[in-house]
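Trainee: I would like to check the labels on this model one by one. Can we start with burial?

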Amino acid sequence: MSWKDVGVPRNLIASPPNLTLHCDSPPGLPLQTKVDLLCMVEEEIKDKFLQEENVVVYQSYLPQGIGLVTSSEDGSHLVATRRFDIGQPLFINSAQLIPMEDLTSKKFVLDVDGKYILLDKEHHFIYRDEYAEMLGFDSFMDHSCSPSTEQEYITKNEYVVRAKKVILPGDKITCDYGSLENSVAKQKNLGTSSFVCKCGESNCRGALVC
């Protein structure tokens, strides 16, 4: 099955996260400081800010109709920049499959349309039996017990996200972290972290493991 089979226009297809840099030099500044400075420096000197051993940088591009917002209260999350009706595809995305040995030995930074973010291994990856999925920009979709979207895997690492309810411009885009199974690869979400949900929905489940 491909994006053509699920009726997703090409302009909704997110580019897969691509490896752009792997540095092995000794660290200088703390990694978080380097990441914070990346958007301020010229392209030719960015490498100098990522000279920490076992750091991998991936690129990810937002599809049309999707924005990434960062606030001090909520952190980074996805919002709609256009209207989506029920059943309409928001995007199709390709996950980067990362071997467990790489996940435990390396640090990961994501470049989303020029915004650099240090990834949290507990919250920004979906853990499977033999690998983890890094979803690029979609790593920042917030949870809701009554989500606005649902995902359907169409290959081992490719999935389409559709609207479960009408989504208006400015609305936060949400999914249910408890329903992230990959039915094509027959892989469950192993659930490596827990948190207390504060989505405010009437069916809120409270404490979740995901």
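Mentor: Buried means under 20% relative accessible area, exposed over 50%, partly exposed in between, with a 1.4 Å probe and protein chains only. Keep in mind that this is a predicted model: local features need pLDDT of at least 70, side-chain atom pairs count only at pLDDT 80 or more, and totals for chains, interfaces and linings use all residues. Residues are numbered from 1 along each chain as its sequence is written, and side-chain values use heavy atoms, with hydrogens and water left out.

Trainee: Why does Phe-108 count as buried?

Mentor: Phe-108 has 2% relative accessibility, so the label is buried.

Trainee: What makes Tyr-58 buried?

Mentor: The relative accessible area of Tyr-58 is 8%, so Tyr-58 is buried too.

Trainee: Why is the pair of Tyr-58 and Phe-108 called stacked?

Mentor: Rings of Phe, Tyr and Trp (its six-membered ring) pair if their centres lie within 6.5 Å; planes under 30 degrees apart count as stacked, over 60 as edge-to-face and the rest as tilted. Tyr-58 and Phe-108 are 6.0 Å centre to centre, with 15 degrees between the planes. Hence stacked.

Trainee: What does that pair tie together?

Mentor: Tyr-58 lies in strand 2 (residues 55-60) and Phe-108 in strand 7 (residues 107-112), so the pair ties together parts that are 50 residues apart in sequence. Strands here are DSSP runs (E, at least two residues), numbered from the N terminus.

Trainee: Why is the pair of Tyr-153 and Tyr-159 tilted?

Mentor: Their ring centres are 5.3 Å apart and their planes stand at 45 degrees, so the pair is tilted. Tyr-153 is buried at 6% relative accessible area, and Tyr-159 is buried at 3%.

Trainee: Which residues do ring pairs link into a cluster?

Mentor: Tyr-58, Phe-108 and Phe-125.

Trainee: How do you know that Arg-82 lies over the face of Phe-84?

Mentor: The test asks for NZ of Lys or CZ of Arg within 6 Å of the ring centre and within 35 degrees of the ring normal. Arg-82 lies at 4.5 Å from the ring centre of Phe-84.

Trainee: What makes strand 3 and strand 4 a pair?

Mentor: Pairing needs at least two bridges found by DSSP. Strand 3 (residues 66-71) and strand 4 (residues 75-80) have 6, in the antiparallel sense. They form a hairpin with 3 residues between them. Gly-67 stands opposite Val-79.

Trainee: How many bridges join strand 6 to strand 10?

Mentor: There are 4, and the two strands run antiparallel. Gln-96 stands opposite Met-134 in strand 10.
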